[in-house]
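Please read them with the structure open.

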Amino acid sequence: MPNKLEEKDWKLLLRRIKDGKCTPFLGAGACCEKIPVGSQIANEWAKNYDYPMEDSDDLIRVAEFVAVTADAMTPKEEICKKINEKLKEVPTSYFEIPGEIHGVLADLPLPVYITTNYDDFMVRALESRGKTPIQEICRWNKSLKKSKRTPSDYVPTPEKPLVFHLHGFYKIPESLVLTEDDYLDFFAANSMEQNMLPPRIQEALIGTSLLFLGYSITDWDFRVLFRILAGYLEKSLSRTHLSVQLVPGDVSESQKEKAQNYLDRYFSELHIQVYWHDCRDFAEELRTRWEAFNRGT
């Protein structure tokens, strides 16, 4: 499996971006410079709540423990508060930094962005470019069913794009998919409700190439996510999708190669090509190639 995109892959990706037929899909690695990673939050909670098991760096399991020993909303409210505090420290100029992935993506002529992150970095980056993004959350539980929806006649455009929070948004704590039970309920809701995802998002999943950024092979939400998306990807007219993966720093070269081979087999039938990049490195190259591509067209 190649570590970097080949020229033919770049040409295909840039052409899809130009045509608005690419949908970025953002994971935790896209915002890890400003938002604490899951393992950091998990270890903090494990200490504060006397978590008794050894996997104290597993956010989903520790969050489940906190939800059971305190109440279901406690871990969600705590993580939303933490994100809110961190976001106050991020100025608009942050999205001008070369290689900042949200800023790079905001410069592209794309109508839809999807994220499994709880923050609003993508929205803020788009607004910094003079665009007017519309935010939408996934209504995966009963408490979200009656919340205000985007007008049915809204059609996402590069100037007024849709930013869809698949796993919730920090300003709406009850929307977060965080604990083990949340992930099971989310998966069940998707299985039982054909229209859990809005039509515009279903169209993006089926009708565009997906660009997955900032996911790690050790993330539980990564595997759950792809199980949910498998049905859509099988209908996606054999379009090629790209996944820019993060590998844990403590993995040996031999383990890394095994992980790469595993993911290659796992995703090959879904037309997903997996490459190993740091999000910042990928973003810098994407910006450079996109600018050159525009000059040449």
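1. A term first. A cavity here is a set of grid points where a 1.4 Å probe fits but cannot get out. The model is predicted, so the points below describe a prediction.

2. How many cavities of 30 Å³ or more does the whole structure hold? The search finds 2.

3. Two or more lining residues come from each of α1 (7–18), β5 (209–216) and β6 (241–246). By class, the lining of the largest cavity has 6 nonpolar, 4 polar and 1 charged.

4. The second largest cavity has its own set of residues. Leu 26, His 102, Thr 115, Asn 117, Asp 119 and Asp 120 are among them. Met 122, Val 123, Val 163 and His 165 line this cavity too. At least two lining residues each come from α6 (121–128) and β4 (162–165). The classes here are 4 nonpolar, 4 polar and 2 charged.

5. Now an open space. The second largest pocket has a volume of about 270 Å³. Elements giving two or more residues to its lining are α7 (180–192), α8 (199–207) and α9 (220–233). Which of them gives the largest share? That is α9, with 4 residues.

6. The pocket lining, residue by residue. Phe 187, Asn 190, Ser 191, Glu 193, Gln 194 and Gln 202 belong to the lining of the second largest pocket. So do Ile 206, Arg 227, Ile 228, Gly 231, Tyr 232 and Lys 235. The pocket lining comprises 4 nonpolar, 5 polar and 3 charged residues.

7. Helix α7 also packs against α3 (residues 59–69). The angle between them is about 105°, and their axes lie 7 Å apart. Angles of 65 to 115 degrees count as roughly perpendicular, and α3 and α7 are therefore roughly perpendicular to each other.

8. Which residues make the contact of α3 with α7? From α3 come Ile 60, Arg 61 and Glu 64. From α7 come Glu 180, Asp 181 and Tyr 183. By class, the residues of this contact are 2 nonpolar, no polar and 4 charged.

Methods. Residues numbered from 1 in each chain as written. Predicted model: local features only at pLDDT ≥ 70, side-chain atom pairs only at ≥ 80, totals over all residues. Heavy atoms only, no water. 1 Å grid on protein atoms, 1.4 Å probe; cavity = no way out; pocket = protein on both sides within 12 Å on 5 of 7 lines; lining within 4 Å. Points joined across faces, edges and corners; volume = space filled by probe spheres on them. Nonpolar A, V, L, I, M, F, W, Y, C, P; charged D, E, K, R; others polar. Axes fitted to C-alpha atoms, helices over the stretch in contact; angles between N-to-C directions. Parallel < 35°, antiparallel > 145°, perpendicular 65-115°, else oblique. Contact = heavy atoms within 4.5 Å.
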